[in-house]
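Subject: Structure for you to look through

Hello,

Please find the structure below. My notes on what was found in it follow.

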Amino acid sequence: MPAKVRKASHEGEVVRKPGVLVISHGSPDEHWVALVEAAVAEAAVDLPAGLPLACAFLETVEGRLMIQDGIDRLESQGVTDMIVIPLFVSSGSTHIDEIAYALGVKDTPEKETDLERFRVSARVFFGDPIDDGPLVAAMVWDKVKRLSVRPEQEVLLLVGHGSVHPGFLQRWERGMASLAAQAGELAGLAGGADYALLNPDSVRSKMRYWSEQRGMDVIVAPLFLSAGYFTKVTIPKRLEGLAHRYSGEALLPHPLAARWMSQQILNIMGSLTC
């Protein structure tokens with residue numbers, strides 16, 4: 001999918017310099033943040049030497065760059081073409097919408113936001129969140145495949161955050177459905193793969209369908225960027241009293257996460273125009 005572009009105000013500039021800003025949500029959990037930063041650092045290895053790169057967080061994380069700080073750091077290095085990678089699990093995240101608005105990629109947000117416009121002089125090339133694709137499906141299955149003991153009797157259930165907001169919910173559903181189809185084909189389980197959301201809650205109904213009506217053993221894979229409250233507390237509570245296999249492992253750490261980032265960055269760089 002082509003990157004969405006915000007044009008710069010200095011169209012007459014001839015010499016252009018690309019740079020990368022990876023934006024993630026942030027967390028008070030130091031380990032959560034460290035995993036994101038490690039993935040970004042790993043992605044940088046596959047990028048051109050000297051390419052300016054910054055990792056910034058939507059929410060305040062002590063000692064780390066916030067989004068405006070990341071923008072300022074890149075522009076202080078002469079970056080004129082800013083490739084922004086929204087490191088979020090789904091296009092259905094309302095944060096994608098508000099960040100795109102604040103960066104000037106879209107004129108108005110779809111949902112009201114307190115996020116004000118950032119100061120940006122560079123052209124912004126806004127990439128895609130994780131959503132789906134072969135690399136993502138491989139990450140999901142790799143995290144849980146050790147839980148598979150009887151493929152002929154199993155189904156993989158992806159569990160994501162979801163959204164209660166119209167439009168955003170549909171994006172969550174489209175992405176999850178596509179990823180489930182890809183992960184199911186890769187896993188080769190008899191039941192394939194399905195998905196459930198925490199918002200609106202469909203976890204128990206999907207679990208009961210597969211275990212009670214279909215007689216399948218359910219392997220549960222949390223679709224979250226990094227382990228935290230949702231993977232450690234929320235999902236286990238929703239699964240209480242239901243037969244299942246659950247490791248609680250989020251997408252990070254995984255080497256394919258870095259590859260996903262570097263591939264998208266390189267694809268956008270290849271499409272840059274003067």
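**Two cis peptide bonds**

Pro-253 sits in the loop between β10 and α8. Helices (H or I, at least four residues) and strands (E, at least two) are DSSP runs, numbered from the N terminus. A cis peptide bond joins Leu-252 to Pro-253, with omega at about 0°. Another cis peptide bond links Asn-199 and Pro-200, and there omega is about -10°. Pro-200 belongs to the loop between β8 and α6 (203–213).

Before the rest, some notes on the model. It is a predicted model, in which local features need pLDDT of at least 70 and side-chain atom pairs count only at pLDDT 80 or more, while totals for chains, interfaces and linings use all residues. Residues are numbered from 1 along each chain as its sequence is written, and side-chain values use heavy atoms, with hydrogens and water left out.

**A residue with positive phi**

Asp-131 has a phi near 55°, which is positive although the residue is not glycine. Most residues other than glycine have a negative phi, and most peptide bonds are trans. Asp-131 lies in the loop between β6 (123–126) and α4 (134–144). Its relative accessibility is 16%, so Asp-131 counts as buried (buried means under 20% relative accessible area, exposed over 50%, and partly exposed in between, with a 1.4 Å probe and protein chains only).

**The sheet**

Four strands make an open sheet in the order β8-β7-β9-β10, with parallel pairing (two strands pair if DSSP finds at least two bridges between them). The edges are β8 (193–199) and β10 (245–246); each has a single partner strand, so one side of each has no neighbour in the sheet.

Strand β7 (residues 154–162) pairs with β9 (residues 217–222) in the parallel sense over six bridges. Glu-154 has Asp-217 of β9 as its bridge partner, and Val-159 stands opposite Pro-222 in β9. β9 and β10 run parallel and are joined by two bridges; Val-220 has Tyr-246 of β10 as its bridge partner.

How many residues of β9 are buried? Six of its six are. Asp-217, Ile-219 and Ala-221 are buried on one side, and Val-218, Val-220 and Pro-222 on the other.

**Helix packing**

Helix α1 (residues 30–44) packs against α8 (residues 255–271) at an angle of about 60°, with the axes 8 Å apart. Axes are lines fitted to C-alpha atoms, for helices over the stretch in contact, and angles run from 0 to 180 degrees between N-to-C directions. α1 is therefore oblique to α8 (angles under 35 degrees count as roughly parallel, over 145 as roughly antiparallel, 65 to 115 as roughly perpendicular, and the rest as oblique). Ala-39, Val-40, Glu-42 and Ala-43 of α1 make the contact with Pro-255, Ala-258, Met-261 and Ser-262 of α8 (contact means heavy atoms within 4.5 Å).

The axes of α4 and α8 come within 9 Å and cross at roughly 170°, which means that α4 is roughly antiparallel to α8. On the α4 side, Leu-135, Val-136, Ala-138 and Met-139 make the contact; on the α8 side, Leu-256, Ala-257, Arg-259, Trp-260 and Gln-263 do.

Helix α5 (residues 168–187) lies across β7 and β8, and runs at about 150° to β8.

Regards
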